[in-house]
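Colleague: I am new to this structure. Could you walk me through how to read it, feature by feature?

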Amino acid sequence: THGGDGYPVHVFLVSGSDHFFRPVTMVTYYFDQFWAGLIPWRWHLASFVLHLANTALVFMLVRRLGFSVFSSSAAALLFGLQGTRPEAVLWLAARFDVLALFFALLTLIFWLKFDQNSAIWTLFASFFTLLLACFSKESSYCTPLLLFLLTRHPLRKWRSLAAIFAVAAAAFLWRWTRVGGIGGYQRPDNGGATILHTSLIVPVKVLLFRAWNGLFVPLNWSAKPLWLLGLLLTLSLVAWLWLASRKSQRATVITAVLFVFIGLLPVMHFALIGADLEKSRALYLPSVGFALLLAALLESVSLRPALCALG
């Protein structure tokens, strides 16, 4: 932890030695030291509470999009309990993902409220929470694209959308000046072949295979799964196929899939998740779209079959 009374302000003015600029999350670490001290479970508790808050916000987001209480509850449960969560929630160094999503979800909820009733305070609230999200982790810079995706008539809100994109651009510019460049993970320059591999092959693998494999089958394959787990996984996949065969609103399903794609854009180079689920924290934000996909599919079925499929 860092000391000094000026740290909470100073961290917004300089980048870390690792060339990252995530001041909001660093401030939470700073204040945690005063109550958590050297007691590990207290540090873990803070991240766990944030994850519970995110689960509640997923429910609120799906409800705000017009889904039923049942579908929204199922989406929130899927997000909260899905197998890619342990790394993001239990690893203390992954709080960046959890906190960034917390503010990104608030931004989406405030924006949707503004989109539905044009309350000006919700627009400015979305500006503020977007700044907090961007200064929590770089993955949040895709949030304006998600706002555009979820807006009912984006062309009618073009001025407000332009403003939200401008806020994200201003945050990125401030980050650029603090870091002295793009910062973050530095890709080694190994020639044109490496660049081609990164720019073409990796996105195809991530968007079409690896990410969906992690979302649908979130198992650590480095250890042989128990037969009961394999059976439950098989039943789960059958349930997904059954839900997909039902008549659903195509637009909502497409929106959910695009949500996943957009959420993967900032972490594309990081989302080639292996058999041991290492780096599955990269799916923390995209999995909101996966939860939205479940809600979209559940809207087309009655309550009793849906409960069976969810189980």
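Colleague: Is Asp115 buried or exposed?

Modeller: Start with the terms. Buried means under 20% relative accessible area, exposed means over 50%, and partly exposed is in between, using a 1.4 Å probe and protein chains only. Asp115 has 5% relative accessibility, so Asp115 counts as buried. Two notes on the source. This is a predicted model, in which local features need pLDDT of at least 70 and side-chain atom pairs count only at pLDDT 80 or more, while totals for chains, interfaces and linings use all residues. Residues are numbered from 1 along each chain as its sequence is written, and side-chain values use heavy atoms, with hydrogens and water left out.

Colleague: How many salt bridges does a search of the whole structure find?

Modeller: The rule is a side-chain nitrogen of Lys or Arg within 4 Å of a carboxyl oxygen of Asp or Glu. The search finds seven. Take Arg152 and Asp115, whose side chains meet at 3.5 Å, N to O. That pair links distant parts of the chain, 37 residues apart: Arg152 is in the loop between helix H8 (143-150) and helix H9 (158-179), and Asp115 is in helix H6 (residues 95-117). Helices here are DSSP runs (H or I, at least four residues), numbered from the N terminus. Arg152 is exposed, at 52% relative accessibility.

Colleague: Which Lys forms a salt bridge with Asp115?

Modeller: Lys157 does, with the closest N and O atoms 3.4 Å apart. Lys157 sits in the loop between H8 and H9, 42 residues from Asp115 in helix H6. Lys157 counts as buried, at 16% relative accessibility.

Colleague: Which residue meets Glu138 at 3.4 Å, N to O?

Modeller: Arg175 does, in a salt bridge between the side chains. Arg175 lies in helix H9 and Glu138 in the loop between helix H7 (120-134) and H8, so the pair ties together parts that are 37 residues apart in sequence. Arg175 is buried, at 3% relative accessibility. Glu138 is buried too, with a relative accessible area of 17%. Arg22, Glu138 and Arg175 are linked in a network of salt bridges.

Colleague: Over which rings does the charged end of Arg22 sit?

Modeller: The test needs NZ of Lys or CZ of Arg within 6 Å of the ring centre and within 35 degrees of the ring normal. The charged end of Arg22 sits over the ring of Phe20, 4.1 Å from its centre. The charged end of Arg22 also sits over the ring of Phe96, at 4.8 Å.

Colleague: How many aromatic pairs are there?

Modeller: Rings of Phe, Tyr and Trp (its six-membered ring) pair if their centres lie within 6.5 Å; planes under 30 degrees apart count as stacked, over 60 as edge-to-face and the rest as tilted. The count comes to 17. One of them is Phe216 with Phe290, edge-to-face at 4.9 Å centre to centre, with 85 degrees between the planes. Phe216 is in helix H10 (residues 192-216) and Phe290 in helix H13 (residues 286-298), 74 residues apart. Phe216 is partly exposed, at 25%, whereas Phe290 is buried, at 2%. Trp212, Phe216, Phe261 and Phe290 form one aromatic cluster.

Colleague: Which residues touch the most other members of the largest nonpolar core?

Modeller: A nonpolar core is a set of buried Ala, Val, Leu, Ile, Met, Phe, Trp, Tyr and Cys residues joined through side-chain atoms within 4.5 Å. The largest has 79 residues, and Leu61, Phe103, Leu105, Leu108, Leu264 and Val288 touch the most other members. H6 gives the most to this core, with 13 residues.

Colleague: Where is Ser118?

Modeller: Ser118 lies in the loop between H6 and H7. Most residues other than glycine have a negative phi. Phi of Ser118 is positive, near 60 degrees. Ser118 is partly exposed, with a relative accessible area of 46%. Lys279 also has a positive phi, about 70 degrees, and is not a glycine. The place of Lys279 is in the loop between helix H12 (250-264) and H13.

Key
Helix = DSSP H or I, 4+ residues; strand = E, 2+ residues; numbered from the N terminus.
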